[in-house]
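This report concerns a single protein chain. Please examine the sequence and the model shown here before reading the sections below.

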Amino acid sequence: MAVSSAFVGAKLEALLVRNAASPSMPASAAPRARRAALSRRNWGMIKCEAATDALAQADAAEPTNAASFSASASSLSALEQLKTSAADRYTKERSSIVVIGLSIHTAPVEMREKLAVPEAEWPRAISELCGLNHIEEAAVLSTCNRMEIYVVALSRHRGVKEVTDWMSKTSGIPASEICEHRFLLYDQDATQHIFEVSAGLDSLVLGEGQILAQVKQVVKVGQGVVGFGRNISGLFKHAITVGKRVRTETNIAAGAVSVSSAAVELALMKLPEASHSTARMLVVGAGKMGKLVIKHLAAKGCTKMVVVNRTEERVSAIREEIKDVEIIYKPLTEMLTCTAEADVVFTSTASETPLFLKEHVADLPPVGSNVGGLRLFVDISVPRNVGACVNDLETARVYNVDDLKEVVAANKEDRLRKAMEAQAIIAEESGQFEAWRDSLETVPTIKKLRAYAERIRGAELDKCLSKMGDDIPKKTRKAVDDLSRGIVNKLLHGPMQHLRCDGSDSRTLSETLENMHALNRMFSLETEISVLEQKIRAKVEQTQK
């Protein structure tokens, strides 16, 4: 099953609040309603994925497949084949926002590190994803805890299949294995998920601030990239707003709020309490994660640590910022020497190959019994900096990002309360975003209605001017043109006003969509090529080049 029990459990906090936020619900009914809501949503996710897999298998058996579309011998055009085959069902679909994801809740770190896409490669990934037949817009959110692809798909199940195949091709992981660990969310569920992610509800450490910065980076990198379109960019920008609002209006960021702080807490949990102030700390890597580790160590009372980094510049900047702590810089060439003198080693570098293997650690001198007799490696890097083989040694223990679950298991009642407060905000913001997205449906009608009116105006203006002869003064010609424009604009003002809404309430939005359908019928605007059909045509033409 693609949606694992671990994922369902991790989403519990975010799901409980949907009904709990209802002021009219009796207190005694709340737990039962929350369980029902959880069951409904998880069953919906499973059904969506089961349907997706079944349709994908049906596609493979259909005689009219992608290969037949590209066959030049066919007497029908590619678009005609597309519309007369089983694919015809998606010409009537609305484009869907889809999330295809693997996270710490559903997939092991070994798989996530193979799927990880470096930030510098995000524009390339967006371009490649939008080059797929059924993908219109895309974004990539790749962190140490998750690899999630957000797309606007012309067809849900075909889009999911194409993205999954792309992930398989780029990572070398069989598509069947990805399907075992992935989760799929559509439209409102996809919206809610990214809002929960941005707010820190889906993180190992509730309310961690680092993920909000990573969501912001998706928008920053996506600006100007073809394929990071209106729906996806709007979704991520709204997610940033939600993340900020949740942190402002709730106390969700109190305590351990990042992977780095959880790493420090985990290390201290494993050390004897008496050694907290005397344990020798080594931090390998002085990037964003390493800097946060140093800050959290300082906050826990550590007054001296060694930092190994490629250059001293970043370490000096950290030293200037944290003046009460002795921070000793060492180059990477002295990493093993420093490790031999350390009790706890934190690693957070961008190295794509392990820095520590079994043979590197085996000959290091043992640590004292005052720190438990074990050298601790806390690896918060993806890909991992410390090989799992180091755990085979009796003198060392390795912990990675998956092991941080132990830290965040504490104080569950308080976490649930904060999650409920945050989820009430997310529910409100999700409604606003969906209303905004629904209101976009009227944009094609607005454009078609104005184009229809402009064609009539232009034709009638030409007739009028031709009857007036060739000696018309420019001033008169302009006056007649202005008159025709003014009449059209005044006639269109009412219909245009009824095709626009701010999405602030469902009644106004419902009326707006009714008006859209009425105008489409009255002016025969639906007989024009639909926007979706144009998109399909463009995709087919693109694949034929």
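The sections below treat the overall fold, the cores, the sheets, selected helices and some backbone particulars.

## Overall architecture

The model is predicted. Its protein chain contains 23 helices and 10 strands. Of the 545 residues in the chain, 50% are buried.

Among contacts between residues at least 6 apart in sequence, 73% join residues at least 24 apart. The accessible surface of the chain is about 25900 Å², and carbon and sulfur atoms account for 54% of that area.

## Nonpolar cores

The largest nonpolar core comprises 64 residues, and the members with the most contacts inside it are Tyr-150, Val-151, Val-163, Met-167, Ile-194 and Phe-236. Helix H12, spanning residues 230-249, gives the most to this core, with 7 residues. A second, separate core has 40 residues, including Cys-144, Val-205, Ala-267 and Leu-271. In soluble globular proteins, nonpolar side chains tend to be buried together.

Leaving aside residues up to four places away in sequence, Val-151 touches Ser-96, Ile-97, Val-98, Ile-100, Ile-135, Glu-137, Ala-138, Val-163 and Ile-232.

## The antiparallel sheet and its helices

Four strands form an open sheet in the order E2-E3-E1-E4, with antiparallel pairing. Strands E2 (135-142) and E4 (183-186) stand at the edges with a single partner strand each, so one side of each has no neighbour in the sheet. From one strand to the next, the twist averages 15°. Strand E1 (residues 96-103) and strand E3 (residues 146-153) run antiparallel and are joined by 8 bridges. Val-98 has Val-151 as its bridge partner in E3.

Helix H7 (residues 122-130) packs on this sheet and touches E2 and E3, its direction making about 150° with that of E2. Helix H8 (residues 156-171) lies across E1, E2, E3 and E4, and runs at about 35° to E1.

## Helix H8

H8 has 16 residues and reaches 22 Å from its first C-alpha to its last, close to the 22 Å expected at 1.5 Å a residue. Its buried residues are His-157, Arg-158, Gly-159, Val-160, Glu-162, Val-163, Thr-164, Trp-166, Met-167, Ser-168 and Ser-171. Val-163 and Met-167 are also among the residues with the most contacts inside the largest core. After H8 comes Gly-172, which has a positive phi near 85°.

## Helix H13

Helix H13 covers residues 259-270, and its 12 residues reach 17 Å from the first C-alpha to the last, close to the 16 Å expected at 1.5 Å a residue. Because 9 of the 12 residues of H13 are buried, this helix is largely enclosed by the rest of the structure. Those buried residues are Val-259, Ser-260, Ser-261, Ala-262, Ala-263, Val-264, Leu-266, Ala-267 and Leu-268. One of them, Ala-267, is included in the second core.

E8 pairs with strand E5 (residues 281-284) in the parallel sense over 4 bridges, and Leu-282 stands opposite Val-345. E8 is also joined to strand E9 (residues 375-379) by 4 bridges, again running parallel. In that pairing, Val-344 stands opposite Leu-376.

## Individual residues and backbone geometry

His-238 is situated in helix H12. With a relative accessibility of 17%, this histidine lies under the 20% limit and so counts as buried. Not counting residues up to four places away in sequence, His-238 touches Phe-195, Glu-429, Gln-432 and Phe-433.

Most residues other than glycine have a negative phi, and most peptide bonds are trans. Asp-187 has a positive phi of about 45° although it is not a glycine. Asp-187 is located in helix H10 (residues 187-199) and, at 11% relative accessibility, counts as buried. Val-382 and Pro-383 are joined by a cis peptide bond, with omega about 0°. Pro-383 is found in the loop between E9 and strand E10 (396-399).

Key. Residues are numbered from 1 along each chain as its sequence is written. This is a predicted model: local features need pLDDT of at least 70, side-chain atom pairs count only at pLDDT 80 or more; totals for chains, interfaces and linings use all residues. Side-chain values use heavy atoms; hydrogens and water are left out. Helices (H or I, at least four residues) and strands (E, at least two) are DSSP runs, numbered from the N terminus. Buried means under 20% relative accessible area, exposed over 50%, partly exposed in between (1.4 Å probe, protein chains only). Contact means heavy atoms within 4.5 Å. Accessible areas come from the Shrake-Rupley method with a 1.4 Å probe; for residues, only the protein chains shown count as cover. A nonpolar core is a set of buried Ala, Val, Leu, Ile, Met, Phe, Trp, Tyr and Cys residues joined through side-chain atoms within 4.5 Å. The expected span of a helix is 1.5 Å times one less than its number of residues. Two strands pair if DSSP finds at least two bridges between them. Axes are lines fitted to C-alpha atoms, for helices over the stretch in contact, and angles run from 0 to 180 degrees between N-to-C directions.
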